[in-house]
Amino acid sequence: MRISIGLASAMILAGCGGSETGNSTTPAAPVAGTAAPAGTQWVDKVEKTAEGGFRMGNPDAPIKLIEYGSRTCGHCAAFATTAMEPLKVYVAAGKVSFEFRDFLLNQIDLGAALLGQCAGPGPFFAIMDQMYEQQHTILQNAPKEGDPFLKQAEAMTPAQRIGATAERFGYLAFVQQRGVPEAQARQCLADQSAVDALVKSNETAAKEYNIPGTPTFILNGKVLENTGTWPQVEAALKAAGA
């Protein structure tokens, strides 16, 4: 997968999917939840998965929801800002686990994903939610036509461009303000193995699920077609027995 520079905000939003129609599903019998271990809550249990995503909740939950999302996608931001709190009700009951996997639409996504994962599992979802809440403001930092940065970026090596783009858009300062030291953040941006892992996971997802756009949701191994809003996803969860 070749990630283009994609610096203009119009180009970013154009690559983002979304639909207003939902799936037609037959309701399943309600499933039982599982209580979290004493003194803990499922919404606080976050683990990095073998597929490179970050999963919240009971790892043995009978209903497994995965989102492939882009951090520059407006539809993904709309889902995150409306869905995360009500989704946590299902996660807290131990019925549903939720895993987010970064899907790269452009060069900006790459740096944002590296920094979004930089602090590890604990604060992953809090940082992701705040990135989406501030997405519009962040993307206003996109260089306009004729900005010297565009020419400078094209002359950089791919590794240099990741860090420069993340800094230009404000993602570097964003994670610093949330407790990630600058040295650690820059190390994450320069981590070629992490870049390779992200690209590989995206290539695998594209082949396995034929990702049509972002957000794309996978429920118990099957793609939820024409589903991009919380009411649509919640209906699918309920149909699965949540």
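Reader: Let's start with the helices. How do the axes of α3 and α7 cross, and within what distance do they come?

Author: Happy to begin there. Two packed helices are described by the angle between their axes and the distance between the axes. In this predicted model, helix α3 (residues 107-116) and helix α7 (residues 158-169) have axes that come within 8 Å and cross at roughly 80°. Angles of 65 to 115 degrees count as roughly perpendicular, and α3 and α7 are therefore roughly perpendicular to each other.

Reader: Which residues of α3 and α7 meet?

Author: From α3 come Gln 107, Ile 108, Leu 110, Gly 111, Leu 114 and Leu 115. Facing them in α7 are Pro 158, Arg 161, Ile 162, Thr 165, Ala 166 and Phe 169. By class, the residues of this contact are eight nonpolar, three polar and one charged.

Reader: What about the backbone: is the peptide bond from Thr 214 to Pro 215 cis or trans?

Author: The bond is cis, with omega near -5°. Pro 215 sits in the loop between α10 and β5 (216-219). Further along, Asn 220 lies in the loop between β5 and β6 (222-224). Asn 220 has a phi near 50°, a positive value in a residue other than glycine.

Reader: Where is the pLDDT below 50?

Author: Where pLDDT is low, the predicted coordinates should not be read in detail. The protein averages a pLDDT of 91, and 90% of the residues score at least 70. Over residues 1-14, however, the pLDDT is below 50. That stretch still has 36 contacts in the model beyond near neighbours in sequence.

Key: Residues numbered from 1 in each chain as written. Predicted model: local features only at pLDDT ≥ 70, side-chain atom pairs only at ≥ 80, totals over all residues. Heavy atoms only, no water. Axes fitted to C-alpha atoms, helices over the stretch in contact; angles between N-to-C directions. Helix = DSSP H or I, 4+ residues; strand = E, 2+ residues; numbered from the N terminus. Parallel < 35°, antiparallel > 145°, perpendicular 65-115°, else oblique. Contact = heavy atoms within 4.5 Å. Nonpolar A, V, L, I, M, F, W, Y, C, P; charged D, E, K, R; others polar. pLDDT = per-residue confidence, 0-100.
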